[in-house]
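Let's take a walk through this model and see what sits inside it.

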Amino acid sequence: MTARRLRLRRAAPLLGVLLTVAACSGGPDTEGGPAQATPAPSGSVAAVCDKEPAGPTTAPAGAVVVDPAVPGDLAAKTRSAGPGTTFWLKPGKHILGDDKYDQVTPKDGDVYIGAPGAIVDGRKINQYAFTGHAVNVKITYVTVQGFAAPHDEGVVNHDSGDGWLIEHSTIQDNDGAGLMAGARQQVRGNCLRRNGQYGINAYSGATPLTALVVEGNEIAGNNTGDWETKIDGCGCSGGIKFWDVNGADVRGNWVHDNHGTGLWADTNNNDFLIEGNLIENNDGAALIYEISYNAVIRDNTIRKNNWVDGRRYADRGDNFPTPTIYISESGGEPRIKARTAKIEISRNYLENNWSGITLWENADRFCNSPANTSSGDCTRLVPNVKQCAAPAITTGPLLADCRWKTQHVDIHDNKFVLDPAIVGCQAACGRMGLLSNFGTYPDWSPYKGEAVQEAITFKQDNRWHDNSYTGPWTFIVYTTDRVLEVGEWEGTPYSQDTGSTYSAQGGG
């Protein structure tokens, strides 16, 4: 698991479940200045919890009926049926048995449909609900709750089977992750709330996930176990964590009130589209994109995030611009196939978050460095970690390819609104960042000194332009002690935010 900088020092509407669309309006051709992102209406983009459509009140033709009055009936009937069976869960609380490993193991193509009030309950006895490597399993209209999955493990699709569809279901009040993910998985219109570690942990081990869709879900109140406190710097919590996902669409979700980061893509993710989401009131950043590649982040409404984490770091005197969108050792890379060759952050509306966007690249963090907390991983450009060692790393191509670079990041046509009185801070919560640290180790590192600070600031095509700012914003550049006002940020040598507009008055 990786660590962010602060720890390294030690949308289309979906099937009627979407109430409103939290998209932003405007475009590059808006007359009279930059495109104006507009806030979402007061309703949520995906207010799903307790509002999912009801499942069928009678068994579909040919379905196997599962009786909650018979303990273990769901697992037993799954074992005895052939692949591709449809199971209809009658109303009531379905239990799996009294052993922690009592679980349901679907076969390829199995379908589980819940009647109104159908609940699969682990009673904090069972660790897992649906497990195994079956493909193309469908779970719909079912509530899954009360399972005691261990840390870093999940309850539904525990073994990351491919092609699963989870739809119109509630996965809540479990330990670990409510849901794991496999390739081609679709997660649509679900309530994923109050799980102990994550709502979704999109991780499958050695094989990258592909073609993941997360659309129209409410993802709320997760990380009830407060894992960042239990394991200092673990980077193992939040609404959703993505690991090594190659192709994901994250659209139209309401991601709110999670105890930590809302959406966190970490370690060799690539080709993400994150659009039309409402991300609000999360204790940490709305979005972290870390040691990953190529993403489009657009038309999201992002508000009142990062108040807890931002204030924590400010109170201890840390001058790092703790952001609500954090791009950490991530950037565009045209050699890696994706729908874009950059990270484009555009047409988002950000209101009263703790700070704005920070682009960061740790000079000491690279493949095979002890500062890389994803110690077993190398970049997508270098398949073997051991290649990134002296003396080969001191020259091209390894000199460039052993780093996850924050490069080709294009930040434009966003609206940043800040009223410090609402956030409850002074200068610390109104910052953008474009910076690195002074490289110091290991001894054989070719990135010592100011090399990476120079690169991220001046040489790696990172640009802000045509944005709109309301409130008192400052800009931290190159290193944490270089704090700029607007004129310095726009002027030589930084030349940022060409075409942007500013209003000192706080509020929307």
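Keep in mind that this is a predicted model. For orientation, helix H6 covers residues 451–459, and among its buried residues are Val452, Ala455 and Ile456, along with Gln453 and Thr457. What packs over them? The cover on the buried residues of H6 includes strands E29 (357–361), E32 (431–436) and E35 (474–478). Just past the end of H6, Asp461 has a positive phi of about 60°.

**The cores**

In soluble globular proteins, nonpolar side chains tend to be buried together. Here, the largest nonpolar core has 80 residues, and the members touching the most others are Phe130, Val144 and Val156. Take Val156 and skip its neighbours within four places in sequence: its contacts are then Phe130, Ile139, Val144, Trp164, Ile166, Ile171, Gly178, Leu179 and Met180. Another core lies apart from that one, with 16 residues that include Ala363, Phe366, Val382 and Trp404.

Helix H1 (residues 73–80) buries Asp73, Leu74, Ala75 and Thr78. Strands are part of the cover over these residues of H1, including E1 (64–66), E2 (86–89), E4 (111–114) and E5 (118–121).

Helix H3 spans residues 307–315, and its buried residues are Asp309, Gly310 and Tyr313. Looking down the axis of H3, you'd find the buried residues within an arc of 100°, so they line one face of the helix.

**Arg403 and His412**

Is Arg403 buried or exposed? Arg403 has a relative accessible area of 5%, so it counts as buried, the cut-off being under 20%. You'll find Arg403 in the loop that runs between helix H4 (398–401) and strand E30 (409–412). Leaving out neighbours within four places in sequence, Arg403 is in contact with Glu361, Asn362, Ala363, Arg365, Phe366, Thr379, Tyr447 and Val452. Two of these have already turned up: Ala363 and Phe366 belong to the core of 16 residues, and Val452 is one of the buried residues of H6. As for distance, Arg403 and Gly430 are 27 residues apart in sequence, and their C-alpha atoms are 30 Å apart in space.

His412 sits in strand E30 itself. With a relative accessibility of 8%, His412 is buried too. Which residues does His412 meet beyond four places in sequence? Its contacts there are Glu344, Ile345, Ser346, Arg347, His465, Asp466 and Asn467.

| Space | Volume | Lining by class |
|---|---|---|
| Largest cavity | about 30 Å³ | four nonpolar, one polar, two charged |
| Second largest pocket | about 310 Å³ | six nonpolar, six polar, four charged |

Which residues line the cavity? Asp67, Pro68, Val70, Asp73, Leu74, His94 and Ile95 form the lining of the largest cavity. Asp73 and Leu74 are also among the buried residues of H1.

The second largest pocket has a lining of 16 residues, and those nearest its centre are Tyr203, Gly205, Trp243, Thr267 and Asp377.

Notes
Residues numbered from 1 in each chain as written. Predicted model: local features only at pLDDT ≥ 70, side-chain atom pairs only at ≥ 80, totals over all residues. Heavy atoms only, no water. Core = buried A, V, L, I, M, F, W, Y, C linked by side-chain atoms within 4.5 Å. Buried < 20%, exposed > 50% of the residue type's maximum accessible area, 1.4 Å probe, protein only. Contact = heavy atoms within 4.5 Å. Helix = DSSP H or I, 4+ residues; strand = E, 2+ residues; numbered from the N terminus. Arc of directions from axis to C-beta. 1 Å grid on protein atoms, 1.4 Å probe; cavity = no way out; pocket = protein on both sides within 12 Å on 5 of 7 lines; lining within 4 Å. Points joined across faces, edges and corners; volume = space filled by probe spheres on them. Nonpolar A, V, L, I, M, F, W, Y, C, P; charged D, E, K, R; others polar.
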